[in-house]
Amino acid sequence: GWLTNVPRGDVCVNTPLRVVGCLPPVIRELEILDGPATSPWTFKPLCIMPAGLKTPLCVFTSHAFANGRGISIVTSPRIASNIHNLTAFAQWDTLTQAGELAAPPFEVRELPGRGKGGIANTTLHRGDRILAATPALLIDMRVYSWLNEMDGIELERIAVRQLPPKAHEMFWELHNAPKTNSVRDRISINAFAVEAAGGRFSGVVLETSRFNHDCRPNSAYYFDEETLTHYTHAVTNISPGTEISLTYISPLSPRSHRQKSLASTWGFGCTCSQCSMHPKMVKQSDLRVNHIQNMTRMLYGWHERMALDQELAYVDEEVAAGAKGAEEKKVRLSARARALNRTIPHLSNQEVIATAETIISMFRQERLDVYSSDAHLLAALAYCAEGRRFDTIRHAQLSIETGLIHEGLDDELHFDVAQLAKDPTTDPCWPKAAAAAAAENSTASEEASKASQEGSKASEESPKVTEESPKASEEVSKASQESPKTSTAHEQ
Ligand SMILES: C[S@@+](CC[C@H](N)C(=O)[O-])C[C@H]1O[C@@H](n2cnc3c(N)ncnc32)[C@H](O)[C@@H]1O
């Protein structure tokens, strides 16, 4: 009954497919093996089987999701089941009322020449949350490659149609610039590229879609895959009355590329301050972003080589122990190490530090310092390899601060950086000789402190952390000079 009610004419009229005929898509109901009663979805999933493939793409809608905000997901049954197992579904009642802030720190207003936009209604400081919202739509990117345009649009239409009333209404109020079809165009103009449960999606986050673009934005966003929540935070201090902006594209591309991509996908000529600068300044800015990218590539190479060296040392032990598959692994890792040696120049720790500091400074000049999380992490690792404890901690902390705003950092990497920020001397990057000296020092100091505790209570007030004393740090730095640099050991 429901299927026959789907008006399909619109799809055909608005697509070039009309020229070659307009057959209605073949839509099937997904067989739910456990039976409909146990299905987590509000409607029976409707599917289209892509020509020549064995996996259908279907629409999965939940009205209960995120306290009734609802969601429609177009994807394969396997990915849908993975998504359903995420915290976002398993504990939706414990999540905050995403997107339903009692007092949002912005108002949506009509702005000259750019449609609607979000205007701050309070003072926001760097790091303040502006929005946290779940997407109303997640459209698997495979829709665009596996299905013909008409079939893809049909699934998108069903996904929108099945949304709860409020989300449905908000979707139709979104900005649109007619090109192909009213549903597809709205999705492509307003969606964020997100990843979840092993799939890549166009995600429409209804509230966040109101923010306009700026190449040097005052807010940054990321998508938390586990809770399916899209976060937006302030990256600068924002005064009331200021427009909240985010970037639709990578800001690390030259002005001409940015302009082209904004015009072709979003239909506007960017007039943000970074695009409107004096041509000489544009040239310098383009040069800087180019430098940033090249130098970052070099540092990633250094980091990969350092990780490879550590892995090779481990594999050497496995080979010596006669472990199965160790020889093959060593051959594979050595080949990768040789390839890196050919393409990435060799860098000493000091050079890595100088390069990372230069990248960080250029990001600052570009007003993109929130992007310098990786550069801070690499600086921290190089300082660590030099046995410079407090420089390591300083950069690890800066990496965390920028990373939290820009990426959320709740993954393994965050755990590693957090460890580094707490105590680099226990990290594998810390020079072994220095670690041994520090351990010896701390044993000596423990013994001394024990002895003095016995003698007098006053010794309890003396600083216990011996590495912090000038003598200890001198020893550390000497030891690190003497120690073989882990990152170069296998290259020589
Ligand atoms: C995701 S929507 C942003 C919100 C939109 N202005 C609205 O009214 O809902 C993207 C569209 O907003 C407009 N837009 C965004 N940033 C802009 C900017 N910096 N200058 C002019 N128009 C902009 C463009 O029409 C673009 O296609």
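**View 1. Isoleucine 359 and its contacts in the predicted model**. Isoleucine 359 touches Ile292, Met295, Thr296, Leu299 and Ala375. Residues up to four places away in sequence are left out of that list.

**View 2. The largest nonpolar core**. Ile359 belongs to a core of 32 residues. Ile359 is among the residues with the most contacts inside this core, together with Leu299, Trp302, Leu381 and Leu420. Which helices each supply at least two of the core residues? They are helix 10 (279-320), helix 12 (349-365), helix 13 (373-385), helix 14 (389-406) and helix 15 (412-422). Helix 13 gives the largest share, with 9 residues. Nonpolar side chains tend to be buried together in soluble globular proteins.

**View 3. The shell around the ligand**. The ligand is surrounded by 15 residues. Arg114, Lys116, Arg210, Asn212 and Trp266 are the closest. Strand 6 (115-120), helix 8 (182-190) and strand 11 (212-213) each supply at least two residues of the shell. By class, the shell holds 5 nonpolar, 7 polar and 3 charged residues.

**View 4. Polar atoms at the ligand**. An N or O atom in the side chain of arginine 210 is 2.5 Å from a ligand oxygen. For asparagine 212, a polar side-chain atom lies 2.8 Å from a ligand nitrogen. Tryptophan 266 uses its backbone: a polar atom there is 2.7 Å from an oxygen of the ligand. On its own, the ligand has 570 Å² of accessible area, and the protein covers 93% of that area.

Technical notes. Residues are numbered from 1 along each chain as its sequence is written. This is a predicted model: local features need pLDDT of at least 70, side-chain atom pairs count only at pLDDT 80 or more; totals for chains, interfaces and linings use all residues. Side-chain values use heavy atoms; hydrogens and water are left out. A residue is near a molecule or strand if one of its heavy atoms lies within 4 Å of it. A polar contact is a pair of N or O atoms within 3.5 Å; within protein, one must be able to donate a hydrogen and the other to accept it, and residues adjacent in sequence count only if both atoms are side-chain atoms. Accessible areas come from the Shrake-Rupley method with a 1.4 Å probe; for residues, only the protein chains shown count as cover. Helices (H or I, at least four residues) and strands (E, at least two) are DSSP runs, numbered from the N terminus. Ala, Val, Leu, Ile, Met, Phe, Trp, Tyr, Cys and Pro count as nonpolar, Asp, Glu, Lys and Arg as charged, and the others, Gly among them, as polar. A nonpolar core is a set of buried Ala, Val, Leu, Ile, Met, Phe, Trp, Tyr and Cys residues joined through side-chain atoms within 4.5 Å. Buried means under 20% relative accessible area, exposed over 50%, partly exposed in between (1.4 Å probe, protein chains only). Contact means heavy atoms within 4.5 Å.
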